[in-house]
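Please read the numbered points with the model open alongside.

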Amino acid sequence: MRPDGVLVSFALSKDGEPGGASLLKGGGCGGFGALDQHGELLCPPPVFFFGRRSHSSRAPEMATAMTVSNKLRGLLMQQLRGTSQLNFNISLRSLSSSAQEASKRAPEELSDHNYESIQVTSAQKHVLHVQLNRPEKRNAMNRAFWREMVECFQKISKDSDCRAVVVSGAGKMFTSGIDLMDMASDILQPSGDDVARIAWHLRDLISQYQKTFTVIEKCPKPVIAAIHGGCVGGGVDLISACDIRYCAQDAFFQIKEVDVGLAADVGTLQRLPKVIGNQSLVNELTFTARKMMADEALESGLVSRVFPDKDIMLNAAFALAADISSKSPVAVQGSKINLIYSRDHSVDEGLDYMATWNMSMLQTQDIIKSVQAAMEKKDPKSVTFSKL
């Protein structure tokens, strides 16, 4: 129900499927007739007669009634549109044309994202590109990385202009994992003068490292991982926290930790079984540290698509991000939050949380805008949504 009294309702067909959207004022067809998703009448408007009716004057009265009804329908559309028309200036592009345009745009570096180990650029409208940026070190994760990723995604979470993120690696591979040379002193020579204090310090350190990837999962904006070359050790922890994963044909994935004498401790063992749904395969990869190649990653569900090379993969990832960013941010970000909650809770708990969530989110103007676009036969991507 809008404040001006216009109610948007959804009709079900005789088969129980969603039908058209009805615009009502005061209930029923409200004197206007109901419109379907294409803006056509679902039920004819009632005929209005004024004064006494006689058989000889029925035709003129019918014409007058239809004129009145059409005027009322016009008034309804004016009410729905508001005092000013929405200005739809977003160009309509296919997935392939979005990819081509994305590849032609020069990345725009952001002044509020200045880091040593990563680079953040504006790939296109509402889309940020976070790039692991130590190509000379195969994007190994040094001290700065573990700190900067947290800062980066905390800023992105609060960035009302950002609606989707693509994460990739500069150079020849996605990442070689933890930088053992840089991190050795923290891991092998922890501070503390007895076992209890050393253990206390190590636990705090591990918890901080875990936050580096948990912050990606907690970011309400969808995060797309674009992997090429090797994705080793901590790289698997990272992509397991992302929402969507694409890879190039040369990509491989390796849970490397057992080869350096430790158990993976920043997310792989907790998230990967839920990502691919095959505990036996996860166990095999974890216990042996063998490489999983791109085709096996696709077959297992770790990635959703495989591309011939890095450039084509990145173009597809940016096109996907552009498509996501054209949707209602209220709907997309609410969906991500509820998907993650439902993953970690029972069905009943997830449904209860969803009901509580939508008791407020169903009041968004994004629904009105989306329904109006459908009635006017506009492409959904033409709708302009407010920042969130």
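1. The structure discussed here is a predicted model. Every distance and percentage in this note should be read with that in mind.

2. Position of Arg 163. Arg 163 is found in the loop that runs between helix H3 (143-158) and strand S8 (164-169). Arg 163 is buried and yet takes part in no salt bridge. The nearest side chain of opposite charge belongs to Asp 161, at a distance of 6.4 Å.

3. Surroundings of Arg 163. Which backbone oxygens does the side chain of Arg 163 reach? One is the backbone oxygen of Ser 325, at 3.1 Å. Another is that of Phe 385, which lies 2.9 Å from a polar atom of the Arg 163 side chain. Leaving aside residues up to four places away in sequence, Arg 163 touches His 126, Lys 221, Pro 222, Ile 324, Ser 325, Lys 327, Pro 329, Phe 385, Ser 386 and Lys 387.

4. The salt-bridge count comes to 16. In one of these, Asp 186 is joined to Arg 143, with the closest N and O atoms 3.1 Å apart. Because Asp 186 belongs to helix H4 (residues 180-188) and Arg 143 to helix H3, the pair ties together parts that are 43 residues apart in sequence. Asp 186 is partly exposed, at 21% relative accessibility, and Arg 143 is also partly exposed, at 34%.

5. A buried salt bridge. Glu 217 and Arg 271 meet through their side chains in a salt bridge of 2.9 Å, N to O. Glu 217 lies in helix H5 (residues 195-218) and Arg 271 in helix H7 (residues 268-276), so this pair links parts that are 54 residues apart in sequence. Are these two residues buried or exposed? Glu 217 is buried, with a relative accessible area of 12%, and Arg 271 is buried at 9%.

6. Asp 259 and Lys 256 form a salt bridge of 3.2 Å, N to O. Asp 259 is partly exposed at 45% relative accessibility, as is Lys 256 at 31%. Elsewhere, salt bridges with shared partners join Glu 217, Arg 271, Lys 274, Arg 343 and Asp 344 into one network.

7. The three-stranded sheet. An open sheet of three strands has the order S10-S12-S13, with mixed pairing. Its edge strands are S10 (230-232) and S13 (291-293), each of which pairs on one side only. From one strand to the next, the twist averages 20 degrees. Strand S12 (residues 252-254) is antiparallel to S13, and three bridges connect them. Phe 253 stands opposite Met 292 in S13.

8. Strand S11 and its partners. Of the five residues in strand S11 (residues 244-248), four are buried. Strand S9 (residues 223-227) runs parallel to S11 and is joined to it by four bridges. Strand S14 (residues 305-307) is likewise parallel to S11, through three bridges. Tyr 246 in S11 stands opposite Ala 226, and its bridge partner in S14 is Arg 305.

Methods. Residues numbered from 1 in each chain as written. Predicted model: local features only at pLDDT ≥ 70, side-chain atom pairs only at ≥ 80, totals over all residues. Heavy atoms only, no water. Helix = DSSP H or I, 4+ residues; strand = E, 2+ residues; numbered from the N terminus. Buried < 20%, exposed > 50% of the residue type's maximum accessible area, 1.4 Å probe, protein only. Lys, Arg positive; Asp, Glu negative; His and termini not counted. Salt bridge = Lys/Arg side-chain N within 4 Å of Asp/Glu carboxyl O. Polar contact = N/O pair within 3.5 Å; in protein donor to acceptor, adjacent residues only side chain to side chain. Contact = heavy atoms within 4.5 Å. Pairing = 2+ DSSP bridges. Axes fitted to C-alpha atoms, helices over the stretch in contact; angles between N-to-C directions.
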